[in-house]
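I opened my notebook to look up a few spots in this structure. My notes follow in the order I took them.

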Amino acid sequence: VMRTGCFTLSLLFLILLCSPAGGQNPRPTPDERYTVAFASVAPLNTDIFIAAGDGSDARPFLAHPDLDYNASFSPDGRSIVFTSTRNGSADIYRVGIDGASLQRLTNDRAFDDQGAVSPDGRSLAFVSSRSGQADIWLLELATGATRNVTNHPGGDFRPSWSPDSSSG
């Protein structure tokens with residue numbers, strides 16, 4: 001909640017992040033409970049929160065004084081990728097759902113954001129300004145190799161994968 005004068009502004013960003021609790025089954029039955037991850041701007045910082053699928057039991061996940069946002073679950077539900085400015089520029093990180101094993105996936109002075117792990121877990125699609133404009137890039141997680149997929153002047157955002165990890 002942010003207060004300015006006599007106005008109160010409450011911001012909450014709910015991101016497309018639902019994962020079966022425990023991350024065991026990527027195609028849950030209707031009876032399975034879900035976990036939701038979201039970013040909240042309150043009052044001066046953006047942090048990622050984890051909550052039950054119905055929004056209850058919201059709790060900070062890796063609280064940090066720098067900005068953490070745009071979180072998404074890996075397809076197996078065992079890790080979360082997110083954008084953070086914790087090392088100066090916006091880079092993408094991966095961490096276990098238990099908060100352990102924080103790993104910086106991108107390390108570039110450009111703005112890297114909106115990471116999405118492929119269904120096979122081998123690649124990360126993300127938005128980057130490293131080409132001078134907002135393009136979709138791919139990162140091979142095993143090797144660290146990157147390549148620009150959409151190199152043209154228009155802005156490209158919110159990468160997503162087909163169920164078989166193919167591009168196109």
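I began with Ser74, which counts as buried because its relative accessibility is 7%, under the 20% cut-off. I was working on a predicted model, and I kept that in mind throughout. Ser74 sits in the loop between β7 (68–73) and β8. Its side chain joins that of Asp76 in a polar contact of 2.6 Å. Leaving out residues up to four places away in sequence, I found that Ser74 touches Ser79 and Val117. I also looked up Ser74 against Arg94: they are 20 residues apart in sequence, and their C-alpha atoms are 9.0 Å apart in space.

**The chain as a whole**

Next I stepped back. How many helices and strands does the chain have? I found zero helices and 14 strands. Of the 168 residues, 42% count as buried. The chain exposes about 9500 Å², and carbon and sulfur atoms supply 54% of that area. I then took the contacts between residues at least 6 apart in sequence: 26% of them join residues at least 24 apart.

**Confidence**

I checked the pLDDT before going on. The chain has a mean of 78, and 71% of its residues reach 70 or more. Which element has the lowest mean pLDDT, and which the highest? Strand β2 (residues 7–9) has the lowest, at 29, and strand β10 (residues 103–104) has the highest, at 96. Over residues 1–25 the pLDDT is below 50, yet this stretch has 55 contacts in the model beyond near neighbours in sequence. I made a note to myself: where pLDDT is low, the predicted coordinates should not be read in detail.

**Rings**

I looked for aromatic pairs and counted one. The ring centres of Phe82 and Tyr93 are 5.8 Å apart and the planes are at 20 degrees, so I wrote the pair down as stacked. Phe82 lies in strand β8 (residues 79–87) and Tyr93 in strand β9 (residues 89–96), so the pair ties together parts that are eleven residues apart in sequence. Are these two residues buried or exposed? Phe82 counts as buried because its relative accessibility is 1%. Tyr93 is buried too, with a relative accessible area of 3%. I also found the charged end of Arg86 over the ring of Tyr93, 5.8 Å from its centre.

**Trp137**

Then I turned to Trp137, found in strand β13 (residues 135–140). Trp137 has a relative accessible area of 12%, so I listed it as buried. What sits over its ring? The charged end of Arg130 does, 5.3 Å from the ring centre. Arg130 is also on the contact list of Trp137, which leaves aside neighbours within four places in sequence; among the others are Leu124, Phe126, Thr146 and Val149. Trp137 and Leu124 are 13 residues apart in sequence, with 8.2 Å between their C-alpha atoms.

**Ser123**

My last entry is Ser123, in strand β12 (residues 123–128). Ser123 counts as buried because its relative accessibility is 9%. Which side chain makes a polar contact with the side chain of Ser123? I found that of Glu140, at 3.0 Å. Not counting residues up to four places away in sequence, Ser123 touches several residues, including Ala116, Val117, Leu139 and Trp161. Val117 was already in my notes, as a residue that Ser74 touches.

How values were computed:
Residues are numbered from 1 along each chain as its sequence is written. This is a predicted model: local features need pLDDT of at least 70, side-chain atom pairs count only at pLDDT 80 or more; totals for chains, interfaces and linings use all residues. Side-chain values use heavy atoms; hydrogens and water are left out. Helices (H or I, at least four residues) and strands (E, at least two) are DSSP runs, numbered from the N terminus. Buried means under 20% relative accessible area, exposed over 50%, partly exposed in between (1.4 Å probe, protein chains only). A polar contact is a pair of N or O atoms within 3.5 Å; within protein, one must be able to donate a hydrogen and the other to accept it, and residues adjacent in sequence count only if both atoms are side-chain atoms. Contact means heavy atoms within 4.5 Å. pLDDT is the predictor's confidence in each residue, from 0 to 100. Rings of Phe, Tyr and Trp (its six-membered ring) pair if their centres lie within 6.5 Å; planes under 30 degrees apart count as stacked, over 60 as edge-to-face and the rest as tilted. A charge sits over a ring if NZ of Lys or CZ of Arg is within 6 Å of the ring centre and within 35 degrees of the ring normal. Accessible areas come from the Shrake-Rupley method with a 1.4 Å probe; for residues, only the protein chains shown count as cover.
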